[in-house]
Amino acid sequence: MSKLKKNVLNIAFLLLLLALTLWLIFRDQDLTPILETLQNVPAGYIAIGLVLVVLYVCGESVIIKYLLHAVKKKAPLINCIRYSFVGFFFSCITPSATGGQPAQIYYMKKQKIDIPTATIILMLVTIEYKFVLVFIGLGLAIFGQGLVQTLTFEAQFYLYLGLGLNVFCVTFMSFLVFLPDTAKYLITKGFLLLQKLHIMKNKNNRMQRLEASMEHYKRASAFLKENKLVILNTTIITFVQRILLFLVTYVVYRSFGLHSISAVTITLLQAAISVSVDMLPLPGGMGISERLFLQIFGPIFGSTALSLSGMLMSRGISYYMLIIISAVITCITHVTVTNATAGSVKRKKDS
């Protein structure tokens, strides 16, 4: 299956999932008060929300540029911004966000950043992203039990499930990075054992690809040891980046004239949703994110109309609008980068 056809199918699945989600949520609802509530929202709050989500994506751009600079690779910030929006778009339209990094690597390679370097940089970005999410989730689970206990049983279940999956993911990635030789030995032996048991076959050079992947982790380990301050700084930026996205819900809350709940509480509750859905095999956690939002923020927003309006605005700004913005920037990136590459090849042939 071609990449274009696969992407079209992913977008079609996304739209189908969106339609199903909206139908399930609004099938028994009176839309009149919801539309009236949304019409009365000051445009300034929507603008603030959009600025926050754009800064969220650009935060990753700063991290990518910082890490590239650490390995003596030059890349204009505008290019790094493009990589981040491309990554967000493809992460949103693929299950478990599997398409983001391959797309970023593709365009980074087009702009003279070699694949091993791009892979290590994006691997570090992922590790920091997961680490910050786990840090916030563990902090909420350990020190925020008073807040956690106010959640429904279903919301608590998804919170602990998501936290457990993220902890496992971070632990496994840390094992690969900090003990790369041991990890390579164990994973290689495990793969050979599965072959002997006829559970897995060495199709499409799986062993070679596995060894190449382990080599990336080994290089990442060396980078971490040599650039501890860089990793600390980019982890702090990642933390700020995540908070900017979580703050969108507080902006939405204030846009309805509500003010009794603090920004910290609403930010932590939104973080709980992100921890819950991050590892689920759904594009952007679609469906379950909306359900958890209504369960968690229903009592805070008060009426059904406000809760549904808040969900539409929060998800609309932080996810759906950002998909549209990312799609536009991805198309521009594809056209400009492809044309620039083609022009470069043509000039070489002419010379």
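Predicted model: local features only at pLDDT ≥ 70, side-chain atom pairs only at ≥ 80, totals over all residues.
## Isoleucine 34

Isoleucine 34 counts as buried, at 3% relative accessibility (buried is under 20% relative accessible area, exposed over 50%, partly exposed in between, with a 1.4 Å probe and protein chains only). Its place is in helix α2, residues 31-39; helices here are DSSP runs of H or I, at least four residues, numbered from the N terminus.

Residues are numbered from 1 along each chain as its sequence is written, and side-chain values use heavy atoms, leaving out hydrogens and water.

## Serine 84

Over in helix α4 (residues 77-92) you'll find serine 84, which is buried at 2% relative accessibility. Setting aside neighbours within four places in sequence, serine 84 is in contact (heavy atoms within 4.5 Å) with Val57, Glu60, Ser61, Ile64 and Gln104.

## The nonpolar patch

Now for the surface: Phe131, Phe135, Leu229, Leu232, Ile236, Phe239 and Val240 make a nonpolar patch of about 700 Å². Patch residues have over 30% relative accessible area and no salt bridge, with nonpolar side chains joined within 5 Å and like charges within 9 Å; a salt bridge is a Lys or Arg side-chain nitrogen within 4 Å of an Asp or Glu carboxyl oxygen. Areas come from the Shrake-Rupley method with a 1.4 Å probe, and for residues only the protein chains shown count as cover.

Phenylalanine 239 belongs to α11 and is partly exposed, at 34% relative accessible area.

Conventions:
Helix = DSSP H or I, 4+ residues; strand = E, 2+ residues; numbered from the N terminus.
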